[in-house]
Amino acid sequence: MSAVVALVTGGSGSGKSAWAEGLSCTLCPGPKRYLATMRPFGEEAQRRIARHRAMRAHKGFDTLECPDGLGGLPISPSDTVLLEDLSNLVANRLFSPQCPEHCGDVLWSELSALADRCTHLVVVSNEITSDGIEYDPSTQAFLALLGELDRKLARRADLVVEVVCGLPLVLKGEIPCSTPS
Amino acid sequence: MKLYVGGAHQGKAAYVKEQTGLSPRLCTPEEALSAPAVDQFHRICRTLLEREEDLGQYVDRLLAENPDAVILCDEIGLGVVPLDPFERRWREETGRALCRLAASAERVERVVCGLGWRLK
């Protein structure tokens, strides 16, 4: 299968993680890289991480923790990579004391470099901008940056899917054969 | 009438520019009655409700006076229903206004991550 860059988005609890894992397994039935972005702070984060680990068990994912960015990761050109998720990565970077001045540009260059250097890249994002709430400026900046990266990645991606109730709504491209729907 | 909806920061204005060649702009409720492409219609709804005007009547006027308008609006009704009565009413009435506009529109698209999904 030729190289695929895919963006999988959806609301909270939409089933996007499981669907993105299924897509990754279709793209590469063998060993895969799982890039985990959640900081393991607090009981809720621990529970979510444990739940996601259990879902990934036996699916061939080798987990790399990368809550602070995508630079310097041991990714080889033959790798299939599942990055979960973009909103955590953006929040971790934007709200870190070491946030670079052009945080969005840095994140985009890391993300596009990752897409360049692996075979298949599946990125999970989050649809969180439809609640009509006027957040404080730092949260607004986070939502704007996430939206910007979503749009850039969607432009570059071969496949963009919004997952609703575990079912794929295809916004761009075609789902490769034998992905569970 | 063409209607483009979607969450905040999803690239609606850029998508509309690409599709129609028009540059959507922020309008007062009065300006929107003659503007070719109206950005952030949800803000117009909010202004009208703040002025205690009737949003339903305004939508009738908009459809009558500017039938070829391109309207862009954020989806604002997918979060928890707010406790504040005005915030609640804003979401509800904006949603209803969009239903009315969509019913009359020749084209309705939802924009996610800069990509359009045609609903009508």
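In strand S4 of chain B, Ile71(B) is the bridge partner of Val38(B). That's a handy way into this predicted model, where local features need pLDDT of at least 70, side-chain atom pairs count only at pLDDT 80 or more, and totals for chains, interfaces and linings use all residues. Residues are numbered from 1 along each chain as its sequence is written, chains are lettered from A and ligands numbered from 1 in the order in which they are written, and side-chain values use heavy atoms, with hydrogens and water left out. Helices (H or I, at least four residues) and strands (E, at least two) are DSSP runs, numbered from the N terminus.

Back to that bridge. Strand S3 (residues 37-39) of chain B and strand S4 (residues 70-74) of chain B run in the parallel sense, paired over 2 bridges; two strands pair if DSSP finds at least two bridges between them. Helix H2 (residues 41-50) of chain B packs on the sheet here and touches S3 and S4 of chain B, where touching, or contact, means heavy atoms within 4.5 Å. The direction of H2(B) makes about 80° with that of S4(B). Such angles run from 0 to 180 degrees between N-to-C directions, and axes are lines fitted to C-alpha atoms, for helices over the stretch in contact.

Now zoom out to the whole sheet in chain B. It is an open one with 6 strands, in the order S2-S3-S4-S1-S5-S6, and its pairing is mixed. Strand S2 (25-26) and strand S6 (115-118) of chain B stand at the edges with a single partner strand each, so one side of each has no neighbour in the sheet.

What about S1(B)? On one flank, S1(B) pairs with S4(B) in the parallel sense over 5 bridges, with Lys2(B) standing opposite Val70(B). S1(B) also runs parallel to S5(B), joined by 4 bridges, and there Leu3(B) has Val108(B) as its bridge partner. Of the 5 residues of S1(B), 4 are buried, so the strand is largely enclosed by the rest of the structure. Buried means under 20% relative accessible area, exposed means over 50%, and partly exposed is in between (1.4 Å probe, protein chains only).

Helix H4 (residues 85-104) of chain B lies across strand S1 (2-6), S4 and strand S5 (107-112) of chain B, at about 145° to S1(B). H4(B) has a helix partner too: helix H3 (residues 55-65) of chain B packs with H4(B) at an angle of about 25°, their axes 10 Å apart. H3(B) and H4(B) are therefore roughly parallel to each other; angles under 35 degrees count as roughly parallel, over 145 as roughly antiparallel, 65 to 115 as roughly perpendicular and the rest as oblique. Among the residues making this contact are Leu55(B) and Val59(B) of H3(B), and Ala97(B) and Leu101(B) of H4(B).

The axes of helix H4 (residues 103-117) of chain A and helix H5 (residues 137-156) of chain A come within 11 Å and cross at roughly 30°. That makes H4(A) roughly parallel to H5(A). Residues of H4(A) including Leu107(A), Trp108(A) and Leu111(A) meet residues of H5(A) including Leu145(A) and Leu149(A).

Next, look at helix H3 (residues 86-94) of chain A. Here 7 of the 9 residues are buried, so H3(A) is largely enclosed by the rest of the structure. The buried residues include Leu86(A), Leu89(A) and Arg93(A), and the buried set packs against strand S4 (80-84), H4, strand S5 (120-124) and H5 of chain A. Asp85(A) sits in the loop between S4 and H3 of chain A, and the peptide bond leading from Glu84(A) to Asp85(A) is cis, with omega near -10°.

Where do the two chains touch? One spot is Gln140(A), which, leaving aside its neighbours within four places in sequence, is in contact with Glu134(A), Tyr135(A) and His9(B). Gln140(A) belongs to helix H5 of chain A and, at 22% relative accessibility, counts as partly exposed. Phi of His9(B) is near 65°, a positive value in a residue other than glycine. Gln40(B) has a positive phi as well, near 55°, and its place is in the loop between S3 and H2 of chain B.
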